[in-house]
Amino acid sequence: MKEQTIVLNVMEGMPGEVLERARDYTIRKDDRGMVRATFQNPSMEEAAVKMTLTGLNPGAVFEISIGRQVQSLQFKKANSAGILETKWIIPENSVLQVCEVKSRKTDR
């Protein structure tokens, strides 16, 4: 199984800007400044991704969906230091989406 580890400070970068891009993933800020990450696994075996995002607002909420036809939907929350640490298994020929949906500091 292929495994990627990504550590990224999302405090840098303006709304609409790509923060990091590689062949199988893109991490960017949308027009509202919310973080969006897309990971693709085009292979015929499972892949794993360990992601640490720092510089977030404490308690920021992320929606995580796996699969081209959203097979599962979960929510994760940044800790009180503004850090989100996750590890995901991406099934073969699937996509993982990690989208910030609520920032405690700006959306009350």
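Strands (E, at least two residues) and helices (H or I, at least four) are DSSP runs, numbered from the N terminus. Leu-73 falls in one such run, strand β7 (residues 72-77). The model is a predicted one: local features need pLDDT of at least 70, side-chain atom pairs count only at pLDDT 80 or more, and totals for chains, interfaces and linings use all residues. Residues are numbered from 1 along each chain as its sequence is written, and side-chain values use heavy atoms, with hydrogens and water left out.

The protein has zero helices and nine strands. From the N terminus, its elements run β-β-β-β-β-β-β-β-β. Of the 108 residues, 39% are buried. Buried here means under 20% relative accessible area, exposed means over 50%, and partly exposed lies in between (1.4 Å probe, protein chains only).

Salt bridges were assigned next. The criterion is a side-chain nitrogen of Lys or Arg within 4 Å of a carboxyl oxygen of Asp or Glu. Glu-3 is partly exposed, at 43% relative accessibility. Lys-50 is also partly exposed, at 34%.

Arg-36 bridges to Asp-30, and their closest N and O atoms are 3.0 Å apart. Arg-36 is buried, with a relative accessible area of 17%. Asp-30 is buried as well, at 10%. Elsewhere, salt bridges with shared partners join Lys-2, Arg-23 and Asp-24 into one network. Arg-23 is exposed, with a relative accessible area of 75%, whereas Asp-24 is buried, at 11%.

A cavity is a set of points, on a 1 Å grid over the protein atoms alone, where a 1.4 Å probe fits but cannot get out; lining residues have an atom within 4 Å of a point. Grid points are joined across faces, edges and corners, and the volume is the space filled by probe spheres set on the points. The largest cavity holds about 80 Å³ of space. Its lining includes Lys-2 and Asp-24, along with Gln-4, Phe-39, Gln-40 and Ile-90. Strands β1, β4 (35-41) and β5 each give two or more residues to this lining. The lining residues divide into five nonpolar, three polar and two charged. In this grouping, Ala, Val, Leu, Ile, Met, Phe, Trp, Tyr, Cys and Pro are nonpolar, Asp, Glu, Lys and Arg are charged, and the others, Gly among them, are polar.

Phe-39, from the cavity lining, lies in strand β4. It is buried, at 2% relative accessibility. The C-alpha atoms of Phe-39 and Ala-22 are separated by 9.5 Å, with the two residues 17 apart along the chain.

On the surface, Leu-73, Phe-75 and Val-101 form a nonpolar patch with about 280 Å² of accessible area together. Patch residues have over 30% relative accessible area and no salt bridge; nonpolar side chains (Val, Leu, Ile, Met, Phe, Trp, Tyr) are joined within 5 Å, like charges within 9 Å. Accessible areas come from the Shrake-Rupley method with a 1.4 Å probe; for residues, only the protein chains shown count as cover. Leu-73 is partly exposed, with a relative accessible area of 47%.

Methods: On a 1 Å grid over the protein atoms alone, a cavity is a set of points where a 1.4 Å probe fits but cannot get out, and a pocket is an open set with protein on both sides within 12 Å along at least five of seven lines; lining residues have an atom within 4 Å of a point.
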